[in-house]
Amino acid sequence: MKKKWMMSKILENHPLTSDIYSAIFQVDDMASQVIPGQFVSIYSNEKDKLLPRPISICEVGEGTLRLVYRVVGKGTKELSQAQAGKMFRLMGPLGNGYEEEYSGSAPILVGGGVGIPPMLQLAKELSKKENVTPVAVLGYRDSETFLKEDFEQYAQVYVSTDDGSLGVKGTVVDALDQNHIHGDALFACGPLPMLRGVKEWCQKEGISCTISLEERMACGIGACLGCVCDSTEVDSHSKVKNKRVCKDGPVFHAGDICL
């Protein structure tokens with residue numbers, strides 16, 4: 001699969017919560033190449049910002065990509081202020097996505113914070129498979145949720161919140177346990193502590209665990225080695241026990257990564 005550079009037009013851009021935004025970009029034929037779990041790199045229009053902002057792909061449309069992102073710095077603030085019609089330089093699709101050859105019937109999708117958006121397209125595609133009923137467990141800080149209604153179109157949804165204002169009070173693992181959720185495979189994206197928890201939960205359940213790592217990235221194409229993580233085996237590129245999150249991931253089998 002070839003990555004592509006392009007100038008892309010914003011078609012829609014609006015807030016979902018106080019700091020989470022949803023943007024739709026016109027990408028034409030790039031959309032047909034996307035695998036759930038991949039990301040794009042978006043370049044600033046301001047000359048003093050050289051490095052792109054990696055943003056996971058939330059949803060794929062006809063010639064469009066939906067990106068749901070949190071405003072955390074100058075780059076994402078610039079993006080959040082962009083109106084429809086604004087052009088951005090974009091590269092993608094990047095990274096490895098979730099397995100398309102899943103052959104089970106009871107997948108569990110787990111997302112925490114900004115790890116929730118990349119799970120939506122996976123839920124959408126899994127729900128199209130015959131006799132497959134996805135379950136989604138979404139972890140939020142509080143009742144200011146986002147994308148919950150979108151997931152409900154494709155999966156049975158459970159929620160956890162840090163403050164207990166909605167769903168189970170605690171972590172996504174608490175929600176898995178308290179709702180007595182069982183499945184034959186788990187796919188997850190979120191902060192490292194959450195991923196450690198779901199990896200241990202899957203080991204206890206005896207099911208496969210596939211995770212997507214959140215990491216600060218610079219080049220986005222595996223050249224700078226700025227986003228390496230510890231791996232269980234020696235990497236053929238670096239010759240040490242490292243994996244490049246942007247190039248070798250961001251999606252990995254949990255057993256291949258030291259969390």
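A salt bridge is counted here when a side-chain nitrogen of Lys or Arg lies within 4 Å of a carboxyl oxygen of Asp or Glu. The model is a predicted one, in which local features need pLDDT of at least 70 and side-chain atom pairs count only at pLDDT 80 or more, while totals for chains, interfaces and linings use all residues. Residues are numbered from 1 along each chain as its sequence is written, and side-chain values use heavy atoms, with hydrogens and water left out.

A search of the whole structure finds eight salt bridges, and Glu59, Arg66, Lys124 and Asp150 are linked in a network of them. Glu59 and Arg66 are both buried, as is Lys124, where buried means under 20% relative accessible area, exposed over 50%, and partly exposed in between (1.4 Å probe, protein chains only).

Another salt bridge joins the side chains of Lys4 and Asp29 at 2.8 Å, N to O. Lys4 lies in strand β1 (residues 4–15) and Asp29 in the loop between β2 (20–26) and β3, so the pair ties together parts that are 25 residues apart in sequence. Lys4, at 27% relative accessibility, counts as partly exposed, and Asp29 is also partly exposed, with a relative accessible area of 45%.

Leaving aside residues up to four places away in sequence, Asp184 touches residues including Tyr102, Ser105 and Ile207, a contact meaning heavy atoms within 4.5 Å. The side chains of Asp184 and Tyr102 are joined by a polar contact of 2.5 Å (a pair of N or O atoms within 3.5 Å; within protein, one must be able to donate a hydrogen and the other to accept it, and residues adjacent in sequence count only if both atoms are side-chain atoms). A polar atom of the Asp184 side chain also lies 2.9 Å from the backbone nitrogen of Ser105.

Terms used
Helices (H or I, at least four residues) and strands (E, at least two) are DSSP runs, numbered from the N terminus.
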